[in-house]
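Biologist: Before I rely on any of the terms, could you take me through this fold and set each one against its definition?
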Amino acid sequence: MDNKTAFVLGATGQIGRAAVRALAEDGWSVRAASRGGGQDSTWPASVEAVRLDREDDAQLAAALGDGADVLVDMVAYDKRHARQLTGLGDRIGSVVAISTGAVYEDDQGRGFDTMASPAGPPCYPVPIPESLGTVAPGDATNSTRKIDLERELLESALPSTLLRAGAVHGPHCRSPRELHFVKRALDRRPVRILAFGGRSRFHPAHVDNIAELIRLAALRPGSRILNAADPEAPTVAEISAAVDDVLGAHGEIVPVEGLPDSGVGLTPWSGPHPIVFDMAAAERELGYRPVTGYAESLPRTVEWIAGQLEGRDWREAFPAMTKYGDLFDYAAEDAWLAGRH
């Protein structure tokens, strides 16, 4: 590789850290841009950190300078961001941007945005191909804004790869779903109550696997949409057992059919129907092979979560996780268990 240059936006976020490392280790000259301009201890010394507010068009243009062979964008969320990039298209060889698997709709028009509505949760095909229908573009939700982003980039002359990520996991996550089981193991809770029989599947995507997709897409510029997920989609019961194994815990799994009225047994992965992404297109178009699996990657994730929890309330350590409600209402769990007998 002859002096290939990469400009990474959102470089100190969860996926950004892994992407910068993967590109730099592959021989790319990387400028890592973030609001704080920070570094990561795992990056090679050759990485150049850049302080940048990507909402400021002038700052972005100035930081990009003469341009880059690839611009990798972790923090592009809507049509305005897409137009910001296409406006700099004469200085960018190609774009790789993170989208979301939440854009898909089932054949009844249900998706992530209908989870709490009368329409209910989606029932997707297994696995979900990139050809499945999506929500309409617009400003209403994260999903509709991401479709706006995708369409704007794909309709431009700028070669753009959009990666529709599954349930992202790994260190440095602001809302790690694994917290649900890590804290229970650390608190020595004797049971793991799991709604929907513990069979729920929400396909995880480790940051290192997403970084590998980014690396491959940077090497093969083109306009495409690809799913981004791990080689396997474990059930929530399998995830619970895997976390316990890492921490040497022995929680009894108590599967519950359906969802109790109290909400006991609900986890950040829970749902009545599986969400599994088809990775055949990434394998075919990029030669993608995952670099890690869920259980294999879990010890580092668990260690990082446990470290963040040390000496702190979980709400302080992970405020974004409060969107799931009170994840650790043990009194409600105990009352529900007592009511079963």
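Modeller: An open sheet of seven strands, paired in parallel, has the order S3-S2-S1-S4-S5-S6-S10. Strand S3 (48-51) and strand S10 (224-228) each have a single partner strand, so they stand at the edges, with one side of each left without a neighbour in the sheet. From one strand to the next the twist averages 20°. This is a predicted model, in which local features need pLDDT of at least 70 and side-chain atom pairs count only at pLDDT 80 or more, while totals for chains, interfaces and linings use all residues. Residues are numbered from 1 along each chain as its sequence is written, and side-chain values use heavy atoms, with hydrogens and water left out.

Biologist: What makes strand S1 and strand S2 a pair?

Modeller: Two strands (DSSP runs of E, at least two residues) pair if DSSP finds at least two bridges between them. Five bridges join S1 (residues 5-9) to S2 (residues 29-34), which run parallel, and Leu9 stands opposite Ala33 in S2.

Biologist: Why are helices H3 and H4 called roughly parallel?

Modeller: The axes, lines fitted to C-alpha atoms over the stretch in contact, with angles from 0 to 180 degrees between N-to-C directions, cross at roughly 25° for H3 (residues 79-86) and H4 (residues 142-154), and come within 7 Å. Angles under 35 degrees count as roughly parallel, and H3 and H4 are therefore given that name.

Biologist: Which residues of H3 and H4 meet?

Modeller: With contact meaning heavy atoms within 4.5 Å, Lys79, Ala82, Arg83, Leu85 and Thr86 in H3 meet Arg145, Asp148, Leu149, Glu152 and Leu153 in H4.

Notes:
Helix = DSSP H or I, 4+ residues; strand = E, 2+ residues; numbered from the N terminus. Parallel < 35°, antiparallel > 145°, perpendicular 65-115°, else oblique.
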